[in-house]
Amino acid sequence: MNTSSTQDWNALDDDAFRALIRSRFEADYPTHLRYTSRRLRWHENGEWYRHMSAMGWIAPAWPVAHGGMGLSPTKLLIFHEEQERWGIGRFQDHGILMVGPVLIRFGTDAQRERWLPHILSCEHIWAQGYSEPNAGSDLASLRTEARIEGDEFVITGQKIWTTLAQDATHMFVLARTDKQAKKQAGISFILVDLTSPGVRVRPIRDLAGHEEFNEVFFDHVRVPIDHLVGPLNAGWDVAKALLGFERIHIGSPKLPQYALGILAKLAQLRGCHTDPVFKARFNALRMDIEDHCDIYARFVEIVKRGEPLPDEVSVLKILATETFQRAADLILETAGPAAQLHGSVPIGDGLVDLLGPFYKAMPASIYGGSNEIQRNILAKNVLHL
Ligand SMILES: Cc1cc2nc3c(=O)[nH]c(=O)nc-3n(C[C@H](O)[C@H](O)[C@H](O)COP(=O)(O)OP(=O)(O)OC[C@H]3O[C@@H](n4cnc5c(N)ncnc54)[C@H](O)[C@@H]3O)c2cc1C
């Protein structure tokens, strides 16, 4: 049942809203998909998201007028906190998190009518086509080209590290539309149907044996010109506008807290919880995670007030990912020989994937702007060095 269109979520008291969301997640989300150590594929969690779509809960941040839940910043934080608390796997959500908000802000009425309903119904699954070989941190060096021929773009080039592109039906692509202009000035934001002739998606197998990333090749791919979002050559501004409110989620303390919980259980089981060296390292990590929680709470207050996040928010991503990596490393050290086991092993009263946090923590300091880039932002924009 679609409850969203009839319900004024923001009229609910925060605690009542939290209880309602929590009970629904706990009752409906498949237990075997909780806290997975890798990104789930669409064949694994697509059904859950179609369920969320049917309830009208698929787009919590979108305005009601566009089919979303229209949650206030506070309610939205509660929604995400409850998803994280219950270990709900993230799906291929670039359509919800990126394409929808971009179309709502920069698209035409015709584009919104055409694309938004397919995102809400989960018929269109989107991938993010930004990074290229030699254009990651320095994204503006991208070389994929979109040439205009009549009423079409002809796209040629290559993207890389494209998360779950093999499950996507569409991709939003940053492409160079003016080779003479200075770096950022000649880039456009274009929507591409991945079934178009000339598109080739090649999965990359990672250290854990999963195929989460892809290379995507474009060989003279023809795309109607009305798939351009925002003005021609203004794609950089469109892409930048996406770096707003979401920056708080990437700095959430939930993952390090989860890893610390595994570590505490494991240490009890292996009898090292009384070892002074282990205790010193564990407590140092625990206190750093607590400090992180306090800093996170300060930024949450800014979001609740509806104010834009300042550049200082970069500190959250650094703290979240580096404490997560320390916890993941300590889990492996503490596990001893069991750390070599692939998949879940019995720990205490449950099954735990000991290598899972390690695999998940490693890339976390790279995606969403690497930690070195976050440090550059802090150095330049906050400390004015
Ligand atoms: C899990 C994961 C999912 C991803 N999903 C997607 C996706 O769906 N779509 C997409 O487009 N991209 C995706 N990416 C790519 C991601 O955006 C890039 O990996 C990231 O921008 C870094 O670029 P790079 O890998 O080319 O490294 P580089 O930019 O080459 O950096 C290499 C190293 O040099 C450091 N470095 C670079 N420049 C500087 C500098 N100016 N100062 C100091 N240090 C510097 C970096 O911090 C890094 O340690 C994903 C990446 C990961 C890990």
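Student: Where is Ser 141 found?
Tutor: Ser 141 sits in the loop between strand E1 (126–129) and strand E2 (145–149); strands (E, at least two residues) and helices (H or I, at least four) are DSSP runs numbered from the N terminus. This is a predicted model, in which local features need pLDDT of at least 70, side-chain atom pairs count only at pLDDT 80 or more, and totals for chains, interfaces and linings use all residues. Residues are numbered from 1 along each chain as its sequence is written, and side-chain values use heavy atoms, with hydrogens and water left out.

Student: Why is Ser 141 called partly exposed?
Tutor: Buried means under 20% relative accessible area, exposed means over 50%, and partly exposed is in between (1.4 Å probe, protein chains only). Ser 141 has 22% relative accessibility, so it counts as partly exposed.

Student: Which residues is Ser 141 in contact with, leaving aside neighbours within four places in sequence?
Tutor: They are Asn 134, Ala 135, Arg 176 and Lys 183, where contact means heavy atoms within 4.5 Å.

Student: What makes the pairing of Ser 141 and Asp 138 a polar contact?
Tutor: The term requires a pair of N or O atoms within 3.5 Å; within protein, one must be able to donate a hydrogen and the other to accept it, and residues adjacent in sequence count only if both atoms are side-chain atoms. The side chains of Ser 141 and Asp 138 are joined at 2.5 Å.

Student: Is Thr 163 buried or exposed?
Tutor: Thr 163 has 17% relative accessibility and therefore counts as buried. Its place is in the loop between strand E3 (152–160) and strand E4 (170–176). Beyond four places in sequence, Thr 163 is in contact with Arg 39, Gln 92, His 94, Ala 127, Glu 212 and Asn 214.

Student: And how is His 94 classed, buried or exposed?
Tutor: His 94 counts as buried, because its relative accessibility is 6%. His 94 lies in helix H4 (residues 94–106). Among the residues that His 94 touches are Trp 126, Thr 163 and Phe 172.

Student: Which polar side-chain atoms lie 2.6 Å from an atom of the ligand?
Tutor: One belongs to Thr 163, 2.6 Å from a nitrogen atom of the ligand. Another belongs to Glu 372, 2.6 Å from an oxygen atom of the ligand. The protein covers 64% of the 970 Å² of accessible area that the ligand has on its own, by the Shrake-Rupley method with a 1.4 Å probe; for residues, only the protein chains shown count as cover.

Student: How many residues are around the ligand, and which come nearest?
Tutor: There are 16, and Ser 131, Ser 137, Thr 163, Ser 370 and Glu 372 come nearest; a residue is near a molecule or strand if one of its heavy atoms lies within 4 Å of it. Helix H11 (residues 371–382) gives the most to this shell, with three residues.

Student: Why is the ligand said to lie between domain 2 (126–233) and domain 3 (243–382)?
Tutor: Both domains give residues to the shell around the ligand, so the ligand lies between them. The bounds come from an automatic or database domain assignment. The centres of domain 2 and domain 3, taken over C-alpha atoms, are separated by 32 Å.

Student: What makes the phi of Cys 122 worth noting?
Tutor: It is near 70 degrees, a positive value in a residue other than glycine. Cys 122 is found in the loop between helix H5 (109–120) and E1. At 6% relative accessibility, Cys 122 counts as buried.
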